[in-house]
Amino acid sequence: MSKSSTPISKPQLFPDVEDKTKEALRTFTELTKCWYQDKHLGNSQHEFMECDCFENMVNDEDGNAINGACNEDSDCINRLTLIECVDGLCDSTCGKSCQNQRFQKREYAKIMVFKTEKKGYGVLAKEDIEPDQFIYEYIGEVVDEEEFRDRMITYDEEHIKHFYFMMLQTGQFIDATKKGCLARFCNHSCNPNAYVNKWVVNGKLKMGIFAKRTIYKDEEITFDYNVDRYGAVAQKCYCGEPNCIGFLGGKTQTDAASLLPQAFADALGISHSMEKKWLKDKKARGEILVKNNAENINEDFVNSLDIEPCEDESDVTKVMSALLQIDNKMIALKIFQRLFPITEEVLLHQVIKLHGYKCFSNLLDLFETAELTTSDILEFLYKLPKTIKNGIISAYLDTKIKQIIKTFPNLKYQCDVLLEKWNSYDTYTRITKKDVSNLEEKSTSMTKINDLRRVRLPPGWEIIQENGRPVYYNAEEQIKSDEPPKAAKYNSMGRINGKQRNENRNNDNNNTKFNYNNRQESRLKRTFSSDRQGIKRFKLYDDFNNGRFHSEEPNLLERNKDEEVRKLKAKLEEETYKREELNKIIEEANKQKELERQQKEKLEKSKQEKLLLKKQHSFSSNIEYKWHKFFASFVPNMVRRYKTDVKLSHENVKECSREIAKLLTSKEIKRDPKATPPTEPSKEKLAKVHHFIKGYMEKFINKYKQKKNSESTMTPSAST
């Protein structure tokens, strides 16, 4: 997949516009952090993970001491995987107040709100902003899907033209319409200079706006809106870019909208131009474009992709970042396919470094019912180079592999060999900030300790603690060193000889029982050598056949040989019986599992039907409101002009108008539940309504007169 992007036109600058920030702030309630309708909303599905950086105190431009750990030039695994470090949770590694806390510290770029010519308010950069620099957090009220739909109707009733919704995750939305921050004023562009990305901050998901390229001072900051931000009504787009599609919202925008969220597109190596080409080809074939699902993922597009493997460490970083946060099986499988063919050792080390074991632990949970995918994950785990065992244990991978044996008996051999490989790994205590501090107190050479904790290690190297002292360790090479590994030495060992080492490891894999191309043969071998006695018997039988066993009593030897063969046959028959019994148990378990699946499917179907009814009710309520509003715009005047010999009070007119509008609305809904009212009533419609009002008012006047006559006849009798 070749990557390409939309050409960058010369940016337009607005150096002389008036600052409208204070004026804009009066149009909404400003929030400094998101408000949550329910405390569980916005929660990340994965537990917090420490980075492996070390505290690095330096002086800033003003001479103030700051912690320079986890900055943009570092290899901080949390930063690379879109997770912010948190004080109190990372104290043992990078320390307090590191550089990977931009959301928490509100390290926003200098911006200003200004009044655009056609787009209302907009946001202007008041400093040069570097590519991928954090600009602002998109803040608002985080609500669930039911509240989101109710608010859409309410805002429409209140004649609010522009909504400020942004999807946070499936079924959860950030609403900045009435409460939010200045980021709400960032306008849409068909060729934006910024993008939105999802980060995990102290267990909560946050949406941040980042620079897509260099944004110059006095340039407007824009990003590509999601189609649902403006709803289904098409509005003219005023971005002015050469590639502008002309509209926001409606069918045109739906067709031009991104087919994947940006993070997933990056992980799959998809560019916007590739999405546009797919849409163009689909239209050329006359095929109907199916609307994206609730997660803004076009499944047809994803299924059409030819996945290519990761080529460099940057690709691996994007893939691992997406896999750590993903809960969509289809996308997860596609992204995993980019990792599966990797053989280069440097890239495999990068996978491990970026919370690899934790990531694959999550994937095993995600695909817990998919045997083939689970088998592929096991195969990839076996391919990873040797490290210390700590990451495997902390991710509970060994425990999950044992559980897989119970769930998928066919994968027992893969699991056994993988566990056997991991059992050969060493477990060491990693160097923490506290350990380094203690070593500094004891060390006579402060410089050596500082170098130890700040050095950037080549792939495969870690700092461990052995006998109370720090040691550099390469588990793959089984090398320990008191001195930091030198780049040149690593290159000669890892890069030049890396290919040979990969070949050796591949040869070793082929020579071991863990050969995926010969699984049936391996299973057969296990059947005949499942215990020590079996191995001894086969060895004895082999020795007989090769003439290495001599005796002065040939008949005795022959009898012993026959006895061994008989015992082996009995053993095989016993194992065959056990296998058959096991198959029966598995078959029964599968039946039970299928029954549970059907029940779960039935419950899910019932849930979906209820949700559909709810959506239909919401839709019909919205249509009913529009018809009622339509009739209410002219019915009261027609009622007031109705000529009668009875003088009606204001309340009578009001009551009649309300009831007539309600009845007319009911008739329209009954005629066509999906039809919406016109902007203005036609002459024919006015004539029909006038006829209806005449009939209604005649009945009302008759009842009114009868009521008055009844009251007048009752009054004298009451006074006597």
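Biologist: Is L82 buried or exposed?

Modeller: L82 counts as buried, at 12% relative accessibility. Buried means under 20% relative accessible area, exposed over 50%, and partly exposed in between, with a 1.4 Å probe and protein chains only. Bear in mind that this is a predicted model: local features need pLDDT of at least 70, side-chain atom pairs count only at pLDDT 80 or more, and totals for chains, interfaces and linings use all residues. Residues are numbered from 1 along each chain as its sequence is written, and side-chain values use heavy atoms, with hydrogens and water left out.

Biologist: Where does L82 lie?

Modeller: L82 is in the loop between α2 (77-80) and α3 (102-105). Helices (H or I, at least four residues) and strands (E, at least two) are DSSP runs, numbered from the N terminus. L82 is not a glycine, yet its phi is positive, about 60°. Most residues other than glycine have a negative phi.

Biologist: And S97, what is its phi near?

Modeller: Near 55°, a positive value in a residue other than glycine. S97 also sits in the loop between α2 and α3. S97 is partly exposed, with a relative accessible area of 33%.

Biologist: On to the core. Which residues touch the most other members of the largest nonpolar core?

Modeller: I135, I221 and L339, out of 111 residues in that core. A nonpolar core is a set of buried Ala, Val, Leu, Ile, Met, Phe, Trp, Tyr and Cys residues joined through side-chain atoms within 4.5 Å. There is also a second, separate core of 21 residues, which includes F630, V653, A661 and I701.

Biologist: What is I135 in contact with?

Modeller: Leaving aside neighbours within four places in sequence, the contacts of I135 include Y108, I129, F210 and I221. Contact means heavy atoms within 4.5 Å.

Biologist: What about E137, buried or exposed?

Modeller: E137 counts as buried because its relative accessibility is 5%. E137 lies in strand β7 (residues 134-137). Not counting residues up to four places away in sequence, E137 touches C34, F103, Y108, C181, A183, K206, M207 and G208.

Biologist: Which residues form the aromatic cluster?

Modeller: F103, Y108, F134, Y136, Y195, W199 and F210 form one cluster. Rings of Phe, Tyr and Trp (its six-membered ring) pair if their centres lie within 6.5 Å; planes under 30 degrees apart count as stacked, over 60 as edge-to-face and the rest as tilted. By this rule the count is 25 aromatic pairs. One of them is F28 with F185, edge-to-face at 5.6 Å centre to centre and 65° between the planes.

Biologist: What sits over the ring of F185?

Modeller: The charged end of R184, 4.9 Å from the ring centre. A charge sits over a ring if NZ of Lys or CZ of Arg is within 6 Å of the ring centre and within 35 degrees of the ring normal. K383 lies over the face of F340 too, at 5.4 Å from the ring centre.

Biologist: Switching to strands. Which residues are on each side of β10?

Modeller: In β10 (residues 172-175), Q172 and I174 are on one side, F173 and D175 on the other, and all are buried. Strand β8 (residues 141-144) runs antiparallel to β10, joined by four bridges. Strand β9 (residues 165-169) is also antiparallel to β10, again with four bridges. Two strands pair if DSSP finds at least two bridges between them. D144 has Q172 as its bridge partner, and M167 has F173.

Biologist: How many residues are between the strands in the hairpin of β9 and β10?

Modeller: Two, and G171 in that hairpin takes a positive phi near 80°.
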